[in-house]
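Reader: I would like to learn how to read the features of a model such as this one. Please take them one at a time.

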Amino acid sequence: MSRLDPDRLFPLESRIRDLARELYATVHDLPIVSPHGHTDPRWFAENTPFPDPAQLFVTPDHYVFRMLFSQGVPLESLGVPRADGGPTETDGRKIWRQFASNFHFLRATPSQMWIEHALQDVFGLETPLTAETADSTYDHVAECLTKPEFLPRSLFERFSIEVIATTESALDPLDWHRKIQTSGWNGRVITAYRPDAVVDPEFEGFAANVEQLGELTGEDTTTWAGYLAAHRKRREFFKSYGATSSDHGHPTARTEDMPQSEATALFTKALSGKCSAEEADAFRGQMLTEMARMSLDDGLVLQIHAGSFRNHSTPMLNRFGRDKGFDIPTRTDFVRALRPLLNAFGTDPRLSIIAFMLDESTLSRELAPLAGVYPALKLGPPWWFFDSPEGMMRFRQLTTETAGFYNTVGFNDDTRAFCSIPARHDVARRVDCAYLAALVGTGRLAEADAFEVAADLTYRLVKQAYRL
Amino acid sequence: MSRLDPDRLFPLESRIRDLARELYATVHDLPIVSPHGHTDPRWFAENTPFPDPAQLFVTPDHYVFRMLFSQGVPLESLGVPRADGGPTETDGRKIWRQFASNFHFLRATPSQMWIEHALQDVFGLETPLTAETADSTYDHVAECLTKPEFLPRSLFERFSIEVIATTESALDPLDWHRKIQTSGWNGRVITAYRPDAVVDPEFEGFAANVEQLGELTGEDTTTWAGYLAAHRKRREFFKSYGATSSDHGHPTARTEDMPQSEATALFTKALSGKCSAEEADAFRGQMLTEMARMSLDDGLVLQIHAGSFRNHSTPMLNRFGRDKGFDIPTRTDFVRALRPLLNAFGTDPRLSIIAFMLDESTLSRELAPLAGVYPALKLGPPWWFFDSPEGMMRFRQLTTETAGFYNTVGFNDDTRAFCSIPARHDVARRVDCAYLAALVGTGRLAEADAFEVAADLTYRLVKQAYRL
Amino acid sequence: MSRLDPDRLFPLESRIRDLARELYATVHDLPIVSPHGHTDPRWFAENTPFPDPAQLFVTPDHYVFRMLFSQGVPLESLGVPRADGGPTETDGRKIWRQFASNFHFLRATPSQMWIEHALQDVFGLETPLTAETADSTYDHVAECLTKPEFLPRSLFERFSIEVIATTESALDPLDWHRKIQTSGWNGRVITAYRPDAVVDPEFEGFAANVEQLGELTGEDTTTWAGYLAAHRKRREFFKSYGATSSDHGHPTARTEDMPQSEATALFTKALSGKCSAEEADAFRGQMLTEMARMSLDDGLVLQIHAGSFRNHSTPMLNRFGRDKGFDIPTRTDFVRALRPLLNAFGTDPRLSIIAFMLDESTLSRELAPLAGVYPALKLGPPWWFFDSPEGMMRFRQLTTETAGFYNTVGFNDDTRAFCSIPARHDVARRVDCAYLAALVGTGRLAEADAFEVAADLTYRLVKQAYRL
């Protein structure tokens, strides 16, 4: 029996469920446009088989291992590498057994749905994951991975990916992207400009990173003017590998629009490693405005991912390093934080600024009212923990009445879990169709308009907002 | 075909939908009681035809023009006047064409529903608004406006308005209200006392305004005692034109109850223009408590509208002036902010204080618990962006369990868009009936009680809370 | 006719309602496990009849009297005792008349459902409570209370209470618990360790309380070491009366993990009564971490109830004392506040820390992400105003996708209203079954899993989390 209900995520009432199903039928085969994510370009450059099932589904997926860890499963037993070089499980089968026998802890989470969808649709597996089925499911997936139709490029095509963006550091040589570009393969894999390492004075090795930025661009990045020029050159370089956006992961949504003389002084202080935490935050904020200024010239879309308290657990950071599930959302103030940037450029319709949030209380109070009036500002889809059926539904309910549909930008899968990409987009399409059907059923949207909006949310808006 | 679903906003499940329909049938013809809004008393005083359709539906409606602006439509092309005297579109037909051809940006917003309701029910138009129908709809509405049955007083009667309150500055001579009062027309149009210009030290021309307040009342408003006496006289004057409430739009919900000696000193400082931002906020807070003290004598209901960051965009303020859609909600703390006022007068059941919010996170956490215990405090209906189907439903879901129904005060349309008034009240009645039907359907309210509560929410509570 | 809909709180759509009913059928007879509450152990020790109906349903129930007070009913007329010794109503029948004739103010609140459930299921009364039925319902309940089957122990058994925890001050001699233990009755009534009076420097009589703690334990509580040793002894004493948890009611969720030398100095300052508000908060925060440290040895579960602004109304505090409905929730930051404690012990799966919240905006943003990764941290059920059908449903919707089911701990009734205990657990079971049925109906949970989870949420998780 299928693990997946064909009507999953649709409204319960039968008339509206029927309409949701009809809406979904018109969008479920549309190509995937993935403008923001973390897949590895090396996969598509080399096109060699993915390693074992645990490396594909467990070890790199912080949604999965954080939940198992919360229930007492050691990260080492899931193969998560130790920052201190300590021992960790390397036998994929053993990791998979841990995963399968604890899979029930993921009940009713998006991860459960994504994984079951991927196992069923990508690997043809309809067995539930349990301690009993651990070995047989492992064997099945492992065998699939040896076949040509499970190579990265084959899956890319099978998933109907029209375009996918990876994310690279500003200092990345983009060698894998170059290899893809020159390989003759016609899959569209583009990069995105992520300059955290060279705009955040608190980033490890900031000064050295800025020096390296100078070497890469031939600019004197010890000066503010040279530093900005280096960014401009680097952005051009990223554009030559398809980039249409930059991306910025900041602890707050703070922006600044200080006089250039102040910015110069702050930059000098940052390079010298003497910034206070407050000054570092101000510098990051100033750089968002500088990036917007550059966008007016080069057209890159500005993505702001704000509000995560990174590495909440010091012992876990020391033991396992960054990005191990200990980044926790915090309260964010977008109204005051975005004001300098919006005062500078917010009314310019040539600019595209996409704000992502981890604080749902800001949706109806701050973000929808801001996006509903500033032409430059759009709302990114629900991010991280909110990339979920309930999160998506709340997002629409809390933003549409004030910001409408057309100040949103479609879906981001934002993932490195390649096999989950079709599942993630499918969830978004289903939730949007469910929401639209309920609007029609309650007389808030004409039925014909709902079909148009469904296509807009799935396909048209993302291409427009990200200039793809 | 009608653009309006007769069952709009009712629950989807058929049994409960039937009950919602029955509940609605008992309230949809009840008279409109509109205790707070911004219609122009001149309309009812002069009773001349409304100007062209664009002046009625587009140019004054910030919900509409802010959304179109967010999608790149210049405000000038919608006829919004420039503060700097620059050129702006004056041809109503051209404005209407912009509006109609961009109307799809309002999909699923309350504005769409209000406008379609007004066009259909007030003007008999069932054509969708599009670029193609722009001219024909414009002509149709324009022609209607020339007819006697579309004069302001005719519409007032047709809308079954039992009473409507306008809002006037404390310095307003209330000439239009006098004209209405002496006209022989028996429509009940009353004023409300809005003293922001004379209680907010940061209001443009504060000192001159206070001086004028002195001239109007014959009091020496350079002294704290005279200033308070002037307010008392002015409140009496407003009462003679029907006022039953005062209204206060403050950036925060802060109240103060300082010793009179401190208040005197702060007032003197405010008059001299030397208040810091913090002191100005404290003075506004003190004046809420002073107004409550006056209410105990003269019975005016105290309305507090808090939490808007006004004029978020400096360039737009410079170009177009205030109230152009750039007022953005902010996080508000009611627990600490209202405490001085509530400590002073909160347990006095003779007093009626109505708090409005723009921060939904405070509903279940702060406002419902406060209103559920302080006899003087009631919850105003969802305001501004939250005057919407989803906003109203969340308001009930987040407040009823803790504050009940009887610490709420019915609906406010809060609008200057006269033709949308029936639509707005209709939305509130439908959402309340939908909510009540769902309570009955889930065994949380007896069916007979639901009919009583429906009438209370529509008609009885607003009259009681506003003493109408 | 029954006042209680047998399908109350179930989803409206019939197929899913059927499933909710089936799920509920499997859990509604499970024993009640009540790990946190405020019943009086004296009831079970003495087993004498409860006093009159008003003393049972009205006078001690702040949910009820706060709502009636908000509508202008004086607390004195409801028999609430005056702190200043002033007169208050003592005639149970007169109090009951006030209650019954104002019962409609509780429409659609949880209190209405709990009271109607208790009157019907415990007392066999199906008459609505109104002014007209006041005397007959009073007589009926009063007569019941004279019968042996309405004695505390009889009701305890009739309610299928497997175990109930009361809450006692660290200084309580636990005499009633001793009497229960030695009475031969086999009802399981246990205590919980509530040390607010001896860990909060702002608690009335703090220094004297700490001195008394020393006397009770034979430790020198003028020293930090002796003070901690006294806590350890006292915890052992509470354990001998069944305690499996400590409970901490703090204004904020702040924790500290300061060096012991600093803690020593702060303790000395606290004893001398010279702590600032900030230092008192830090000391309370440090004590949470000390309690966690003790938990690692003695196994007591650490419950943190944070975020209430106690005694909001000074006049009411002066007139009626504490706990009279004027404790108002406030905004809480768990991410920064819990960090010192979580950094110290959060990854230790031997520890069980249960966090309760009064700020729903933290559920999806902070608490679910924290509980979804730290093995020591679990989420307490919705507390206080959120112990309600809507509150419980929002709790599941806002936490499950990120924290799953298994980082929650079942239900707490947290009440001193003994007769409402079955009603409160019943509401929780119904809401959970409604939620689970909707998950199954939307393809997010397998039907067989839903039955297992229903039993987990009702029975298994609470026993596991509280080590019962």
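Reader: Which residue stands opposite Ala165(A) in S4(A)?

Author: Strands of a sheet pair through backbone hydrogen bonds, either parallel or antiparallel. In this case Ala165(A) faces Ile190(A) of S4(A). Two strands are called paired if DSSP finds at least two bridges between them. Helices (H or I, at least four residues) and strands (E, at least two) are DSSP runs, numbered from the N terminus. Strand S2 (residues 161–165) of chain A meets S4(A) over two bridges, in the parallel sense.

Reader: What are the numbering and the confidence limits here?

Author: This is a predicted model, in which local features need pLDDT of at least 70 and side-chain atom pairs count only at pLDDT 80 or more, while totals for chains, interfaces and linings use all residues. Residues are numbered from 1 along each chain as its sequence is written, and chains are lettered from A and ligands numbered from 1 in the order in which they are written.

Reader: In what order do the three strands of that open sheet in chain A lie?

Author: The order is S1-S2-S4, with parallel pairing. Strand S1 (32–34) and strand S4 (189–190) of chain A each have a single partner strand and stand at the edges, so one side of each lacks a neighbour in the sheet.

Reader: How many residues of strand S7 (residues 301–306) of chain B are buried?

Author: In a regular strand the side chains alternate between the two faces of the sheet. A residue is buried if 20 or more other C-beta atoms lie within 10 Å of its own, exposed if 12 or fewer, and partly exposed in between, with C-beta atoms placed from the backbone. Six of the six residues of S7(B) are buried, so the strand is largely enclosed by the rest of the structure. Val301(B), Gln303(B) and His305(B) are on one side, Leu302(B), Ile304(B) and Ala306(B) on the other, and both faces are covered.

Reader: Which strands pair with S7(B)?

Author: Strand S6 (residues 245–250) of chain B is parallel to S7(B), over six bridges. Within that pairing His250(B) is opposite Ala306(B). Strand S10 (residues 353–356) of chain B also pairs with S7(B) in the parallel sense, over four bridges. There, Phe356(B) is the bridge partner of His305(B).

Reader: How many residues does helix H6 of chain B have, and what span is expected?

Author: An α-helix has 3.6 residues a turn, so residues three or four places apart point the same way. The expected span is 1.5 Å times one less than the number of residues. H6(B), residues 110–122, has 13 residues and reaches 17 Å from its first C-alpha to its last, close to the expected 18 Å. Eleven of those 13 residues are buried, so H6(B) is largely enclosed by the rest of the structure. Among them are Trp114(B), Glu116(B) and His117(B). The cover over the buried residues includes H19 of chain A, as well as helix H3 (53–57) and helix H20 (421–441) of chain B. After H6(B) comes Gly124(B), with a positive phi near 70°.

Reader: How many residues of chain A are in contact with chain C?

Author: The size of an interface is often given as the accessible area lost when the parts come together. Here residues are counted instead: two are in contact if their C-beta atoms, placed from the backbone, lie within 7 Å. On that basis 42 residues of chain A touch 38 residues of chain C. H4(A) gives the largest share of chain A's side, four residues. That side has 20 nonpolar, twelve polar and ten charged residues. Ala, Val, Leu, Ile, Met, Phe, Trp, Tyr, Cys and Pro count as nonpolar, Asp, Glu, Lys and Arg as charged, and the others, Gly among them, as polar.

Reader: Is Trp96(A) buried or exposed?

Author: Trp96(A) is in helix H5 (residues 92–101) of chain A. It counts as buried because it has 25 C-beta neighbours inside 10 Å. Leaving out residues up to four places away in sequence, Trp96(A) touches Pro53(A), Ala54(A), Val58(A), Ala134(A) and Tyr138(A).
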